[in-house]
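I opened this notebook to keep track of what I looked up, entry by entry. The entries go helix by helix, then turn to single residues.

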Amino acid sequence: MSKTINFTIDGQSVEAQKGETILQAARRAEIYIPTMCYISKTSPCASCRICSVEVEGVEGFILSCNTPPTEGIVVKTNSHELERERQNIMKLYDVNHPLECGVCDKSGECDLQNMTLEFGVAQQDFSAKEQHKVVKDWGLINYDPALCIMCEKCVHVCNEVIGDDAIEVKFGGYSSTIIPKNSDTLDCTFCGECIAVCPVGALVSSDFKYSANAWELSRVPSTCAHCSAGCSLEYETRHVGINGDDSIYRVKNNYEYTNLCGAGRFGFDFDVQDEKDEAKFAKALEALKNAEAIRFSSMITNEEAYILQQIKDKLDLKLFNEDARLYGEFMRAYGSVSGKLQSSATLEALKQADGIIIVGTRIATDNPGVRYAMRVASQHNGAKIVYAHPMEDALMKNTATQFMKYEVGTEEGVMALLTHELLKNCDVDEATKAFLDDLDLGYLEAESNVGDDELLFMSRSFARAEQKVLVIGADMFAHARAANIAKLAATIEKYTDFSLLVVPNEVNTIGVSMICDLDCDEDLGNVVGYNAPAEYIIAADEDANLVVPALNQQEGTVVSIDNRLLPLNAALSFDGYELNDIANALGINAKNTIDYTEQLANITGFKAVKFDDLENFVSPLGVDNRGYQLEDVSVNMDGKLEEIAELPEYNGTVIYNTNPVLQFNGFTARTKQLEQDKMLRGSAQFAAAAKIADEQLVEVALGDRVVQRVFKLDDTLKGTIAINPTFDIGADYGKYRFLKSKIVRVG
């Protein structure tokens, strides 16, 4: 049976894939059909009727956005009757909606303005009694119901793509409005996607409101600098002040196909300013020449990582980055079984999946891009999603179909149980069969708290799944048994139809791990920090000994979890020194930092492409043309599964180092719009075990350091584990994120 349907639109032969609508087929054939409420990444809203077409032999108009074609039909997108229909629809939209909107934030890029002009609405035949509608202040977001045209895009994207499901339509005819769902005020993760998809000025950024017109802003395409998802964005800048300095006014995205979390959308003001001071620069050079090591974070570009490696070789220093080093070791262990250095799945594969297992990450805050992809899979494919973690996550409750709670520290045992369950009917080699046969399932189930009934339920839920993805998160990389966990993940991928997605947290953990020859971090006395703590610090921080540009102030590249090299562009200027200036002073010569982009080809997986030759756009049909896909890297398959170690016990009060919504690192910590929730959050059970009370100031022991936090009772958490934020204390992902901790009351 053919999977394609052949038909004609306006006399042109068109081919549709099975399951596509007339509108989707028309767009792919570059045939224009106007829309107002349609958005490609959600199911059709079908509320505007602007996309109506005529089909020969069918009475009345057909909605092209939600109607699949049948073989041989003849579609007409333009006629006198359709023109009149669309004109009347626009007149209804324009009732009491001013179109000379000089003060509206959407003016100049408003779909309502554009459609009104397109269909020649020069006079109004309809009227309605004007109603008083109060503007709602929802924190980062403002809602003006008087401007709302009830297209419902915001509701669809919030539910189907983001997963917050925080708003809904309050129906009332002409009085209909958008309201917070089951709440008096907006209770969501404030991603701002509702602002992005709004075709008019009903939903706007509270900070941006009335600050600039669309035609006054310049767009700078770039990549989000906050997590490893590599989301595309555009910084919108404007010259301000008598010196003509630039300022970022807002961030936008190609909302038709891409998404942004709130940190990407609202956390853009992490730039720094500095002037060149030769004395400071000389001290930085002296510090490097006398140093034993450089410690740096993964919040840097590939080009900066390449320069640091050159400095290491030049000065014979050690290079510390535990986040990237541990990730690299994890992937090498994975490759020893899989034969590949890079995992096989992508965010797009995750969106297309109908079966997903995610283990070792609090994904909603670790990597919102992965959360959104899973939400799309859930809503559009009916994906069965198994979420395995020691802590439940309220943000995943309406997306995950099975929560598998395991004990802290038992990740290796959990992975062994998953491997045994998923491979029990597979044809495996003798060594793998022997490993599986030797597993003490009773012990693993008892110590990990994952029962055979849960595993059986998981298998049955995946019975009809055809596209499955295993997602491994950052809890695993610093685990004492990380190497064997990686081999178990590779074994699942090798013998089943699961593909694998490995998710580090930092923006360029993957790139750094591939570029730099990293040493195990030691407690040395003379270390220079680059965007990391040390005795002498060079950083994109105005309190650093030497200030260098932040990631929104420089050109360069990063590598996303899709194993794709993505370009960053400078949205703002920087007048101080860059790392390349230091390299030049040390005899490592290049005119510009981006001269190193094509030199990355000396490293396996990268290509010899100049920075200025990198594409940086998403096509009209949603194809990501940013940067390039890294080459597949083959490695020796010499790894063997090891016997599962004795599973550890974490008794007493346990701290989980993870960040709150919208916070990731030192960059987000200094942005003005993002909330800084620095509280230690725990359950009543945790409070009783630690002998502390709500709102009490406590000291928290985090290994070799102690921090003070206000404790906050959180009824969404269970067990004796509390959540401790790290964005404000410069912690990296170089240590296992669960920690036995002593909690002491202060005062």
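**Entry 1: helix H13**

I began with H13, where twelve of the 13 residues are buried, so H13 is largely enclosed by the rest of the structure. For "buried" I use under 20% relative accessible area, for "exposed" over 50%, and for "partly exposed" what lies in between (1.4 Å probe, protein chains only). Helices (H or I, at least four residues) and strands (E, at least two) are DSSP runs, numbered from the N terminus.

I note that this is a predicted model, in which local features need pLDDT of at least 70 and side-chain atom pairs count only at pLDDT 80 or more, while totals for chains, interfaces and linings use all residues. Residues are numbered from 1 along each chain as its sequence is written, and side-chain values use heavy atoms, with hydrogens and water left out.

I listed the buried residues of H13: Glu411, Glu412, Gly413, Val414, Met415, Ala416, Leu417, Leu418, Thr419, Glu421, Leu422 and Leu423. I also checked the length of H13: its 13 residues reach 18 Å from first C-alpha to last, close to the 18 Å expected at 1.5 Å a residue. The expected span is 1.5 Å times one less than the number of residues.

**Entry 2: the nonpolar cores**

Which residues touch the most other members of the largest nonpolar core? I found Phe330, Leu350, Met415, Leu470, Ile538 and Phe606, in a core of 173 residues. A nonpolar core here is a set of buried Ala, Val, Leu, Ile, Met, Phe, Trp, Tyr and Cys residues joined through side-chain atoms within 4.5 Å. I recorded a second, separate core of 24 residues, which includes Ala225, Leu260, Val272 and Ala550.

I then followed Leu470. Leaving aside neighbours within four places in sequence, Leu470 is in contact with Ile357, Val359, Met415, Ala489, Ile492, Phe498, Ser499, Leu500 and Leu501. Contact means heavy atoms within 4.5 Å.

**Entry 3: helix H16**

In H16 (residues 452-461) I found Glu454, Leu455 and Met458 buried. They cover an arc of only 100° around the axis, which puts them on the same side of H16. The arc is that of the directions from the helix axis to the C-beta atoms. On the other side of H16, I have Asp452, Asp453 and Arg460 as exposed. The cover over the buried residues of H16 includes strands S16 (355-359), S17 (384-388) and S18 (402-404), together with helices H13 (411-423) and H15 (441-448).

**Entry 4: helix H12**

I counted H12 as mostly covered, with eleven of its 14 residues buried. Among what covers the buried residues of H12 are H4, helix H10 (347-352), S16, helix H11 (363-366), S17 and strand S19 (468-472). At 1.5 Å a residue, H12 should span 20 Å, and its end C-alpha atoms are 19 Å apart, which agrees. Just after H12, Gly382 takes a positive phi of about 65°.

How do H4 and H12 cross, and how close do their axes come? The axes of H4 (residues 153-162) and H12 come within 7 Å and cross at roughly 100°. That makes H4 roughly perpendicular to H12. Axes are lines fitted to C-alpha atoms, for helices over the stretch in contact, and angles run from 0 to 180 degrees between N-to-C directions. Angles under 35 degrees count as roughly parallel, over 145 as roughly antiparallel, 65 to 115 as roughly perpendicular and the rest as oblique. On the H4 side I noted Asn159, Glu160, Val161 and Ile162, which meet Arg371, Tyr372, Arg375, Val376, Gln379 and His380 of H12.

I also looked up Ala373, which is found in H12 (residues 368-381). Ala373 is buried, at 1% relative accessible area. Not counting residues up to four places away in sequence, Ala373 touches Leu347, Leu350 and Lys351.

**Entry 5: single residues**

Thr432 lies in helix H14 (residues 430-438) and counts as buried at 7% relative accessibility. Setting aside residues up to four places away in sequence, I found Thr432 touching Leu423, Thr491 and Tyr495.

Is Tyr210 buried or exposed? Tyr210 is exposed, with a relative accessible area of 60%, and lies in the loop between strand S10 (203-205) and strand S11 (218-223). Its phi is near 65°, a positive value in a residue other than glycine.

Asp316 also has a positive phi, of about 55°, although it is not a glycine. I placed Asp316 in the loop between helix H8 (302-315) and strand S15 (318-320), and at 70% relative accessibility it counts as exposed.
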